[in-house]
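Dear colleague,

Please find the structure below, handed over for your own work. My notes on selected features follow it.

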Amino acid sequence: MSEPTGSAIHDLGYRRYDGARVGPQGAFQALYVQGLRAMFGIGRPLATKAVPILVMLVSMLPALALLTASSASGGQVPVRYGQVIGPQLFLFVVFLAAQSPEVLSRDQQHGLLPLLFTRDVTRESYALARFTAIFSAMFIVSMGPLLLLYVGEIGIA
């Protein structure tokens, strides 16, 4: 029996993958979820969670104070959403500046980009997944206080 010509596959002893092949959609979803986790420091040391926790706490404090004042006055203090979110833009910029490099540069820093681009991930889908994760994290951080105000206002009424 002769050996077929061309490339040969060698068994190096690695464990075989038995899971489902999810294709480009699964690759996009995995990059998106990992990017969202990186924005909030989930699965990372406490030092990387400091900025997201600080920004979330500081952005929630005015909403909590406004809800407390409205509750104490029996709903007489009007809740104005624009007054809560406007002054916090600086916090959102700090969050974005501190956490975006965690999402965008870690793959390049650890030499994972060539490995990623050999799979079902195109450059466009990689960039779209990363920027979608950053946008989603910013949406969560900016809408958190407004959601708290809305739910609190319903609770007061």
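In this predicted model, the axes of helix H1 (residues 23-40) and helix H4 (residues 89-104) come within 8 Å and cross at roughly 135°. On the H1 side, the contact is made by Gly 35, Ala 38, Met 39 and Phe 40, and on the H4 side by Phe 95, Gln 99, Ser 100, Glu 102 and Val 103. Sorted by class, this contact has five nonpolar, three polar and one charged residues.

Helix H1 itself can be checked for length. Its 18 residues, at 1.5 Å a residue, should span 26 Å, and the end C-alpha atoms lie 27 Å apart, which agrees. The buried residues of H1 are Gly 26, Ala 27, Leu 31, Gly 35, Leu 36, Ala 38, Met 39 and Phe 40. After H1 comes Gly 41, which has a positive phi near 75°.

Apart from residues up to four places away in sequence, Ser 100 touches Met 39, Phe 95 and Ile 134.

A further point concerns the loop between helix H6 (113-117) and helix H7 (123-156), where Asp 120 is placed. With 44% relative accessibility, Asp 120 counts as partly exposed. Setting aside neighbours within four places in sequence, Asp 120 is in contact with Gly 23 and Pro 24.

The other helix pair to report is H2 (residues 46-72) with H7, which pack at an angle of about 20° with their axes 9 Å apart. Since the angle is under 35°, H2 and H7 are therefore roughly parallel to each other. H2 passes H7 in a right-handed crossing. Among the residues of H2 making the contact are Val 55, Met 56, Ser 59, Met 60 and Ala 63, while those of H7 include Val 141, Gly 144, Pro 145, Leu 148 and Leu 149. By class, the contact of H2 with H7 has 12 nonpolar, five polar and one charged residues.

Yours sincerely

Conventions. Residues numbered from 1 in each chain as written. Predicted model: local features only at pLDDT ≥ 70, side-chain atom pairs only at ≥ 80, totals over all residues. Heavy atoms only, no water. Axes fitted to C-alpha atoms, helices over the stretch in contact; angles between N-to-C directions. Helix = DSSP H or I, 4+ residues; strand = E, 2+ residues; numbered from the N terminus. Contact = heavy atoms within 4.5 Å. Nonpolar A, V, L, I, M, F, W, Y, C, P; charged D, E, K, R; others polar. Expected span 1.5 Å × (residues − 1). Buried < 20%, exposed > 50% of the residue type's maximum accessible area, 1.4 Å probe, protein only. Parallel < 35°, antiparallel > 145°, perpendicular 65-115°, else oblique. Left-handed = near helix turned anticlockwise from the far one by under 90°.
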